Amino acid sequence: MALFPSEQWTKEFMEAVNASDLYRDAAADWEGDVTFVFEAEPDKGVNEDVYGWFDLWHGECRDWTYGTDKEKGESAKFVIRAPYSRWKEVIKGELDPVKGMMQSKIKLKGDMPTIVRYVKASNELVTLASKIPTEFADEQ
Amino acid sequence: MVRTGELAGLSEMLASLIESNLRDRLAGSTILGGKRKRVLITAHDLDVHVLVTIGESYAEIEERFDPRPHLWIYTDSGTLMELPAMQLMGGLPDLRHPTGRAATKLIVSGRLKVRGVLRIGLLSKIQRLLNVV
């Protein structure tokens, strides 16, 4: 079981993404790197902001880094950020990420029309994340 | 494009879509012409109302309820995000395309309610302002 957030969890997530035909179809034209920022919640075992950077290109992940430095992370075409516990809700399927953005629970920096155009791909990413056997930082 | 009051979440998302379309795809079009009309967009599951006013030379967006809009789109947040991704023809859902036909299903199922639907010109304008396809 992989700990979230961690490099091992991110690796398993990207392997699942690259094995998904549904994601490949839904994001077939997607071009642009994405950074997920897992914001610190020290009382839940996440002591500092963690940046995960993903080079997503035409339905696959070409490269990724975990624990990316802030400067590189913030320079991605899309930066999606939320406190750790919000990400936990997303991974557990309790919070739809687009709905989370509508409620200001998740923040997006990047071109909104592109995000709306790829809602299906976003949903598939969440489905894939929810299938990874996960141990959460605050449940260790 | 005018933002009035504090926008966040859904209202900011809709403002970004309209702003982007006015800047890029609809630049130079006459979409903002005509008399001032108000379109209310409600996401009932979030209890959020977004009012879009389309004026002669501007679009204004604010997060508030309007009791007498010219057009009222009432739906849940998930359905609301499907609307910009619909293929349009003449500003209305293209029934030759699956995403366009989906609009009919949403209305028949009651997931999407549109009051003032006979104001075809205004419906076409708001669809084009929000569309991302």
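**Figure 1. The contact between chain A and chain B takes 15 residues from chain B and 11 residues from chain A.** Two residues are in contact if their C-beta atoms, placed from the backbone, lie within 7 Å. This is a predicted model, in which local features need pLDDT of at least 70 and side-chain atom pairs count only at pLDDT 80 or more, while totals for chains, interfaces and linings use all residues. Residues are numbered from 1 along each chain as its sequence is written, and chains are lettered from A in the order in which they are written.

**Figure 2. On the side of chain B that touches chain A, two or more residues each come from helix 1 (10-23) and helix 2 (77-82) of chain B.** Helices (H or I, at least four residues) and strands (E, at least two) are DSSP runs, numbered from the N terminus. Helix 1 of chain B supplies the largest share of this side, five residues.

**Figure 3. Chain A holds an open sheet of five strands in the order 4-3-2-5-6, with mixed pairing.** Two strands pair if DSSP finds at least two bridges between them. Strand 4 (60-66) and strand 6 (107-109) of chain A are the edge strands, each pairing on one side only. Strand 3 (residues 50-57) of chain A runs antiparallel to strand 4 of chain A and is joined to it by six bridges, and A:Asp55 has A:Asp63, in strand 4 of chain A, as its bridge partner.

**Figure 4. Helix 1 (residues 7-18) of chain A lies across strand 3 and strand 4 of chain A.** This helix runs at about 175° to strand 4 of chain A, where axes are lines fitted to C-alpha atoms, for helices over the stretch in contact, and angles run from 0 to 180 degrees between N-to-C directions.
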